[in-house]
Amino acid sequence: APGGFTMYTNFRQGDTAYGYTYKGLDGLTTTDNWASGDCNMQLQIESPNYAHSALAIGLELVNNDSATASGLRDSLIIELAEWIKGLGKRPVFLRIGYEFDGDFNHYDPEYYKLAFRRIKNMFDSLQVKNYVTVWQSKGWGSDTTELLKYYPGDKYVDWCSYTHFVWGVEGGQPMVDFARAHNKPILIGEATPMIFQGDTIPVDCFLDNHEQALLAWDSYFIPLFKMIDDNPDVIKAISYISVDWPSQKMWANNTPFKHVDSRLHINDTIKTRWNREIGKNKYLKASPDLFDYLWNE
């Protein structure tokens, strides 16, 4: 069983996308589907399969960075804080406004930083002890200057993070360097294989196709594990997205995601190689002792 798993929620109160109207904290304690599958964090937490796994939460602030910064989303901050606090010793990695530098999120750097700080300050005032803040870049196209525009400050950021999709190694290096300079650990917040011909033309990467799966292993998985092996002082956690992307409405017509089925279990060779790697001692597994170990570390 994995040492942790990822789910998503948001502060997008009243916002609409893909025909869905957000109420705020969607998928936290209710079953909601905003075009990428049913989500109910409470049910997942209550499942015995995840009783001893840490939780990473992707918290969207899209179209609400200003509202969050100004206090209009304080009731949602308090509700989320109390819910996380109620998880007891379960460690929570809170990815606030993840992929902050992505044009698709169109965050204003100043509002984003203020929103991040407000969430951190309110969580701490409510004495939430079982969480860390995570500051996640999109993982490509942002140099140190761009990252600094969105940086809330060492006082507010506990972990750094980046998305490891296409161009993962090259895209992740600026964040690795940044985290090392600021003495912060890294969570690779989202990882899924993508293959491009040149820089712009997506190549099908469906792991149930054996030829494509082997290409993905050589061009994506091996560099991913090398990135982890080469940076053990900062890279401390990884969240892999194992999903049939085009089966979900949000991604069905989205390039490059419509070209990817990243489910590990649909190819025996990939599954065997993945399990061999993840079976190494350096990767923590779910266990009754995991939470105590993580907090002691």
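This is a predicted model: local features need pLDDT of at least 70, side-chain atom pairs count only at pLDDT 80 or more; totals for chains, interfaces and linings use all residues.
Which residues of the largest nonpolar core touch the most other members?

1. **The main core.** The largest nonpolar core has 85 residues, and those touching the most other members are Ile84, Leu94, Phe123, Trp135, Ile186 and Phe221. Helix α7, which spans residues 210-230, gives the most to this core, with 9 residues. As background, nonpolar side chains in soluble globular proteins tend to be buried together.

2. **Helices α7 and α8.** Two packed helices are described by the angle between their axes and the distance between the axes. Helix α8 covers residues 268-278, and α7 packs with it at an angle of about 15 degrees, the axes being 10 Å apart. Angles under 35 degrees count as roughly parallel, and therefore α7 and α8 are roughly parallel to each other. Their crossing is right-handed. On the α7 side, the contact is made by His210, Ala213, Leu214, Trp217, Phe221 and Phe225. The α8 side brings Thr269, Ile270, Arg273, Trp274, Glu277 and Ile278. Sorted by class, this contact has 8 nonpolar, 2 polar and 2 charged residues.

3. **Helices α3 and α4.** Here is another pair to look at. The axes of α3 (residues 74-85) and α4 (residues 109-125) cross at roughly 50 degrees and come within 10 Å. That angle makes α3 oblique to α4. As α3 passes α4, the crossing is right-handed.

4. **Glutamate 60.** Because its relative accessibility is 12%, glutamate 60 counts as buried; the cut-off for buried is under 20%. Leaving aside neighbours within four places in sequence, glutamate 60 is in contact with Thr9, Asn10, Phe11, Arg12, Tyr22, Trp34, Tyr98 and Tyr107.

5. **A cis peptide bond.** Most residues other than glycine have a negative phi, and most peptide bonds are trans. The bond joining threonine 255 and proline 256 is cis, with omega about 15 degrees. Proline 256 sits in the loop between β12 (235-240) and β13 (260-261).

6. Where do glutamine 127 and asparagine 183 lie? Glutamine 127 is in the loop between α4 and β6 (131-137). Its phi is positive, near 60 degrees, in a residue other than glycine. Glutamine 127 has a relative accessible area of 51%, so it is exposed. Asparagine 183 belongs to the loop between α6 (168-181) and β8 (186-191). Asparagine 183 is not a glycine either, yet has a positive phi of about 55 degrees. With a relative accessible area of 70%, asparagine 183 is exposed.

Note on methods
Residues are numbered from 1 along each chain as its sequence is written. Side-chain values use heavy atoms; hydrogens and water are left out. A nonpolar core is a set of buried Ala, Val, Leu, Ile, Met, Phe, Trp, Tyr and Cys residues joined through side-chain atoms within 4.5 Å. Buried means under 20% relative accessible area, exposed over 50%, partly exposed in between (1.4 Å probe, protein chains only). Helices (H or I, at least four residues) and strands (E, at least two) are DSSP runs, numbered from the N terminus. Axes are lines fitted to C-alpha atoms, for helices over the stretch in contact, and angles run from 0 to 180 degrees between N-to-C directions. Angles under 35 degrees count as roughly parallel, over 145 as roughly antiparallel, 65 to 115 as roughly perpendicular and the rest as oblique. A crossing is left-handed if the near helix is turned anticlockwise from the far one by less than a right angle, and right-handed if clockwise. Contact means heavy atoms within 4.5 Å. Ala, Val, Leu, Ile, Met, Phe, Trp, Tyr, Cys and Pro count as nonpolar, Asp, Glu, Lys and Arg as charged, and the others, Gly among them, as polar.
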